[in-house]
Amino acid sequence: GYTVDYEYIFVPIFAQDGSVNAVAGSTRDISERHSTEEARQHLLEREQIAHSEADLERIRLHTLFTQAPVAIAILRGPDYLIELANPLMCQHMWHKQPADLIGKPLFTALPPLGYYSQRYKQILDEVMATGQPFHDLEIPALKFLNEQSETGYFNFTSEPLRDMYGTIDGIIIVSLDVSDQ
């Protein structure tokens, strides 16, 4: 057996004096509509759970990103717009606040460093064009701690980022301070 849901409609039939003379009614099977509504509600609940789980995962990833013990930045497009940059990258490598960097082209947001800016742009251009990562070890660069700058040594990696179609649309930069090693 199974349950069938019905919808009943009753309409009074009035006599000439305004009194109810009879009642007309109809019945129709609404089981399919009812089960469709239940399925829709179930899907909506599953969607809400998926959104909540995605939000939690986004928070976890953001926390991991901001607490990472290495400097990390994500650059997008041919102008290398700074999409994300963790505190180590912003403050210790670039000596800027995130609000001064996020959404801006890398080479506009940072002060020009002459030859180093040109070389760095060449490296990023090559990674974007070829899809080949760039790695370099113990590169000297300024680092900033407590408003003081000093030369540090960094292992540096630039990896291409690809969109869902496999097209390179950005670069992730990771820099590890190896000065004390």
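1. A residue is buried under 20% relative accessible area, exposed over 50% and partly exposed in between (1.4 Å probe, protein chains only). By that scale K121 is partly exposed, with a relative accessible area of 34%. D125 is partly exposed too, at 31%.

2. Some ground rules. This is a predicted model: local features need pLDDT of at least 70, side-chain atom pairs count only at pLDDT 80 or more, and totals for chains, interfaces and linings use all residues. Residues are numbered from 1 along each chain as its sequence is written, and side-chain values use heavy atoms, with hydrogens and water left out.

3. Overall form. The chain has four helices and seven strands; these are DSSP runs numbered from the N terminus, helices being H or I of at least four residues and strands E of at least two. From the N terminus the order is β-β-α-β-β-α-α-α-β-β-β. The radius of gyration is 31 Å, well over the 16 Å that the globule rule gives for 181 residues, so the chain is more spread out than a compact globule. That radius is taken over C-alpha atoms, and the rule is 2.2 Å times the number of residues to the power 0.38. The C-alpha trace spans about 100 × 35 × 35 Å along its principal axes. Of the 181 residues, 25% count as buried.

4. The core. The largest nonpolar core holds 25 residues. Such a core is a set of buried Ala, Val, Leu, Ile, Met, Phe, Trp, Tyr and Cys residues joined through side-chain atoms within 4.5 Å. I82, W94, L106 and L124 are among those with the most contacts inside it. Helix α4 gives the most, with five residues. L106 touches residues including L75, I82, W94 and L124; contact means heavy atoms within 4.5 Å.

5. Salt bridges. The structure holds seven, each a side-chain nitrogen of Lys or Arg within 4 Å of a carboxyl oxygen of Asp or Glu. R76 pairs with D169, the closest N and O atoms being 2.7 Å apart. R76 lies in strand β3 and D169 in strand β7, so the pair ties together parts that are 93 residues apart in sequence. K121 and D125 also meet in a salt bridge, at 3.1 Å, N to O. They sit four residues apart in helix α4, about one helical turn. In helix α1 (residues 31-67), R58 and D55 lie three residues apart, and they form a salt bridge as well. E7, R28 and R33 are linked in a network.

Technical notes: Lists of a residue's contacts leave out its neighbours within four places in sequence.
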